[in-house]
Each structure stands twice: as C-alpha cells, then as structure tokens.
Amino acid sequence: MKKIVAIVLAVLSMAVVAGCGTSKEAGSNKQNLQPITIGLMPDTDSVPFIIAQEKGYFKEEGLDVNLQQYKSAMDRDSALQSGNLDGAVSDMLAVAFAKSGGFDVKVTSFTDGSYKLIASKDSGIKDVKGLAGKDVSVSRNTIIEYVTDQILAKENMDGDSINKVIIPQIPTRLEMLQNGKLAAATLPEPMASIAVHNGCKYVTGSDELGINPGVIMFTAKATDSKKAEIQAMYRAYNKAVAYLNQADRSEYIDLVIEKGGFPPAAKDALKLPKYHEAALPKESDVMDCLSWLKSKNLISESYSYKDIVLDLFGK
C-alpha cells in the first residue's frame, strides 16, 4: 500500500511540475511578442480592431496592442513617420505619398471601408451623369478625390466635368450637403449613412463599383522586426471579422460608437459592411491608384505591386 501511495504521489508531483512548466512556457511565449501600436481613423475600417481589443482577441494571441485614434489622416501619417506608430488603417494614396517622400511602408492587407457619392435632398440628381456641371465636394489629392474621379471615369466623365468644391473637413462637407449648399459630396462611412438617414440621396459608391483603395499598412521597420506580432494581430483581426459578421448589431453598436469616435447620429444610421478576413489587395486596386497619382503629377516614381505590398500570410 505504501508503494502504491508513493507512486500516486510521484505521478501527481510530475503532473504539477509539468503544469507549471506549461504555464511558464505559455507566459514566455506571450512575453516574446513585442507590443505594437496601430493608428485608427473614425471610419468603419477601424471597427474590427476595436472589437478585437474589447473582446480580448488580441490577448488570446498573447499580444499587447495599443490603438491610437486620429481625427485626420495628416495627424495619423505624422505619428507614423515620427515613430509613434507601427502601423495604421490607411489608404493607397497615403502609402504612395509616404514612399515617395522617402519613408518606407508596406501594405499588408486590404480593408472593407467604402466611400459613397451622396446627392443633396433637393438636387434632383439620380445618377452620376446628373452631376455634370454641378457643385460636388471633395478633399483635394485624397482618397475622396480619387474615388470621385474613378466613379466619373466609369461613366466616361472626367474630373473637369463637375465643379469640385474643396472642403477638407468631413463634418463641414456633411453639414453643407444636408443644408442644400452642395449638389453632392463624396463621404466615407459613417458620414455617408448619416447623410442618407437625414434625407440625402445615395448615388453610387466605391464598393458597388469594385473600387477598393483602403488598406492596412505598417512601417518597413515593423514588418522586419515585428513579423510575428503582425501575424498574431491578423489572427485576432479575423476573429473580430467572424464575430461582426454573425453577431446581432445590438450587441456591439454602442461599443463601436463609443470607441470608434463616431457621432451619436451614427447609432441609428450606420450600416457596417460585410467584413472579409485579412488578405492582400488586388493588384489592379494598387496599380490603378498609382496610375491616378502619376497622372496628376502627385508622385514621380513608378512603383510595382511588390514595391508596395508585402505578404505576411505565407500563402
């Protein structure tokens, strides 16, 4: 009997030691992942990051992610170039401008945000052709102007066929549109949904026309030194995508409005897109955007797809 008791105690002791070893090993694996900092904008592209943080998906991957909110792309890009961010929710124009300015960044995936052309309530505009000669608000040399030009190009129109009214501040653009001081405006979400909710008319949008310039980018320094961290981030991101695509809107909308920096009006108006798991952008999306930039003499370099995009998914 004493021998049996001794054997049992020995087995239990080994199990405890093994369990402690596993715990230490798991803790060690988590410590091996460096923290990463990501810049977000108040748009629907940022929502999967907010969900991944609040639902604990980053922690499940042993990753510490610091999410920083920015109101303007200029502030976000300044933070990126000053070394305060590892990566950011961004767009192809910002990537090209950074590289052209000598700051090396890499696109690691596309995003699901959209940009919509919205007509004012009393404009009478029903389609893109109806914009000819009308006041349409954009922000100059930005993703907004690019999408607007692409929408026009689909109807064999060019940027000169409309009167572009330059209003960089999105809230001001939205207010003027709703007050009937503009015939139309191109807006990101959730501002586009708010405009429609308040009586303006949807004309068309980037998602409907297959235009997808939104991306997630990281500095070349981060992709070199934090590859495992970025891969862990994307695993958590994909968990958030799965959650958003199956959960009832009521489960997350208050959280999204609070953490995403969206105006309160977005709670009723906002319609989230169907999110996709992280994947590389299409080559045509990248090259079309680069061609537009060159045509406007905004960049002089000729970049290839591989100059811009880095595959960290190992597919």
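The chat below covers a sheet, a cavity and the cysteines.

Q: What kind of model is this?
A: It is a predicted model.

Q: What is the strand order in the five-stranded sheet?
A: The order is β7-β6-β8-β5-β9, in an open sheet with mixed pairing.

Q: Which strands are at the edges?
A: Strands β7 (163-166) and β9 (201-205), each of which pairs on one side only.

Q: And what is the average twist?
A: From one strand to the next, the twist averages 30 degrees.

Q: How do β5 and β8 run, parallel or antiparallel?
A: Antiparallel: five bridges join β5 (residues 115-119) to β8 (residues 184-188).

Q: Which residue in β8 is the bridge partner of I118?
A: That is A185.

Q: New topic. How many cavities of 30 Å³ or more does the structure hold?
A: One. The space in the largest cavity is about 40 Å³.

Q: Which residues line the largest cavity?
A: The lining consists of D43, T44, D45, G113, S114, Y115, P188 and E189.

Q: Is C200 buried or exposed?
A: C200 counts as buried because its relative accessibility is 6%, under the 20% cut-off.

Q: Why does C289 count as buried?
A: Because C289 has 0% relative accessibility.

Technical notes: Residues are numbered from 1 along each chain as its sequence is written. This is a predicted model: local features need pLDDT of at least 70, side-chain atom pairs count only at pLDDT 80 or more; totals for chains, interfaces and linings use all residues. Side-chain values use heavy atoms; hydrogens and water are left out. On a 1 Å grid over the protein atoms alone, a cavity is a set of points where a 1.4 Å probe fits but cannot get out, and a pocket is an open set with protein on both sides within 12 Å along at least five of seven lines; lining residues have an atom within 4 Å of a point. Grid points are joined across faces, edges and corners, and a volume is the space filled by probe spheres set on the points. Buried means under 20% relative accessible area, exposed over 50%, partly exposed in between (1.4 Å probe, protein chains only). Two strands pair if DSSP finds at least two bridges between them. Helices (H or I, at least four residues) and strands (E, at least two) are DSSP runs, numbered from the N terminus. Axes are lines fitted to C-alpha atoms, for helices over the stretch in contact, and angles run from 0 to 180 degrees between N-to-C directions.
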